[in-house]
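The sequence and the coordinates are shown first.

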Amino acid sequence: MSIVAQNLVWGVKRKTIVSDVSLSVAPGETLGLIGPNGSGKSSLLRLLAGLRRPQSGRVAFNGQDIAKLPRRALARQCAFVQQSAASDTNMSVRDVVKLGRTPHRSALSAWSSADEAAVRDALTRVDMLGHAGQPWMTLSGGERQRVHIAKALAQEPTRMILDEPTNHLDIHHQIEILRLVRALEMTNIVALHDLNLAAMFCDRIVVLQGGSVHASGTPEEVLTEDLLQEIFRVRARVATSPYHGRPQIDFLPE
Ligand SMILES: Nc1ncnc2c1ncn2[C@@H]1O[C@H](COP(=O)(O)OP(=O)(O)OP(=O)(O)O)[C@@H](O)[C@H]1O
């Protein structure tokens, strides 16, 4: 269930957007990806999920180059939850989540009780079972986000790559979703803007700046006052939380 990226490069025209990025995520680990707006997080996540081919470098799942994996096999191994993904206007919540089962089913196979159980379980985990029959279009932003996470869970992958999954969520659901992601026996890469949540829920953190890895390590190693000043241009104080033992960041007024 490992994810290893070696020397990934991607860009458009003459602009390099992901510049020689290498990282590795051990089985069961949750890696946080942080960095300022435009630092290349979403672009990198798309390469890691196999949705985009790098210009050079490679991504391997358990040592296997994902460029050589058929799309269905890739989808069984890795679910991607993208920022504000859209779904077909006429679909119900249940139908959106059912799409997550596609990589497990052949064109002719009937909808099985295992498929039904996976969809129900996924909706329950994100607290959306009560909305199963509702048209997707009528959901609030946070509810849509949770349904897209349910779709990824219904896919029953061994890896999840999530691009700002807590965007739009109230604080209760932000914490619930990250707790859920962390508790899953999966290998996860999650882009986050909230540094305190990254500190609480990630085993390790990679900091991107200008498309390159600026730092990586445990939250304690990475989230230093100097780094916050240099990369995020904020003055902050970092202490160890007496409640969860992870770094706790206080941002200072100017
Ligand atoms: N297809 C594209 N064509 C041109 N420029 C692009 C393309 N995709 C991304 N970029 C540029 O690459 C840079 C990185 O974008 P990306 O979305 O990966 O950043 P990000 O770190 O996810 O940003 P944010 O935190 O704002 O979501 C940005 O400057 C963006 O404008």
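Beyond its neighbours within four places in sequence, Leu 208 is in contact with Leu 33, Gly 35, Ser 39, Gly 40, Lys 41, Leu 44, Val 213 and His 214, two residues being in contact if their C-beta atoms, placed from the backbone, lie within 7 Å. The model is a predicted one, in which local features need pLDDT of at least 70, side-chain atom pairs count only at pLDDT 80 or more, and totals for chains, interfaces and linings use all residues. Residues are numbered from 1 along each chain as its sequence is written.

Leu 208 counts as buried because 26 C-beta neighbours lie inside 10 Å; the term requires 20 or more other C-beta atoms within 10 Å of the residue's own, with C-beta atoms placed from the backbone. A separation of 24 Å lies between the C-alpha atoms of Leu 208 and Gly 63, which are 145 residues apart along the chain.

Leu 208 belongs to strand 9 (residues 204–209). Strands (E, at least two residues) and helices (H or I, at least four) are DSSP runs numbered from the N terminus. An open sheet of mixed pairing is formed by six strands in the order 6-7-8-3-9-10, where pairing requires that DSSP finds at least two bridges between two strands. Strand 6 (78–81) and strand 10 (212–217) are its edge strands, each pairing on one side only.

| Strand pair | Bridges | Direction |
|---|---|---|
| Strand 6 and strand 7 (residues 159–163) | Four | Parallel |
| Strand 1 (residues 3–12) and strand 2 (residues 15–25) | Eight | Antiparallel |
| Strand 1 and strand 4 (residues 56–61) | Five | Antiparallel |

Phe 80 stands opposite Ile 161 in strand 7. Trp 10 faces Val 18 of strand 2 as its opposite residue, while Ala 5 has Val 59 in strand 4 as its bridge partner. Strands 1 and 2 form a hairpin with two residues between them, and Lys 13 in the turn has a positive phi of about 50 degrees.

The ligand is surrounded by Val 12, Ile 17, Gly 35, Asn 37, Gly 38, Ser 39, Gly 40, Lys 41, Ser 42 and Ser 43; a residue is near a molecule if its C-beta atom, placed from the backbone, lies within 6 Å of it. Helix 1 (residues 41–48) gives the most to this shell, with three residues. The shell comprises two nonpolar, seven polar and one charged residue. Here Ala, Val, Leu, Ile, Met, Phe, Trp, Tyr, Cys and Pro count as nonpolar, Asp, Glu, Lys and Arg as charged, and the others, Gly among them, as polar.

Terms used
Buried ≥ 20, exposed ≤ 12 C-beta atoms within 10 Å, placed from the backbone.
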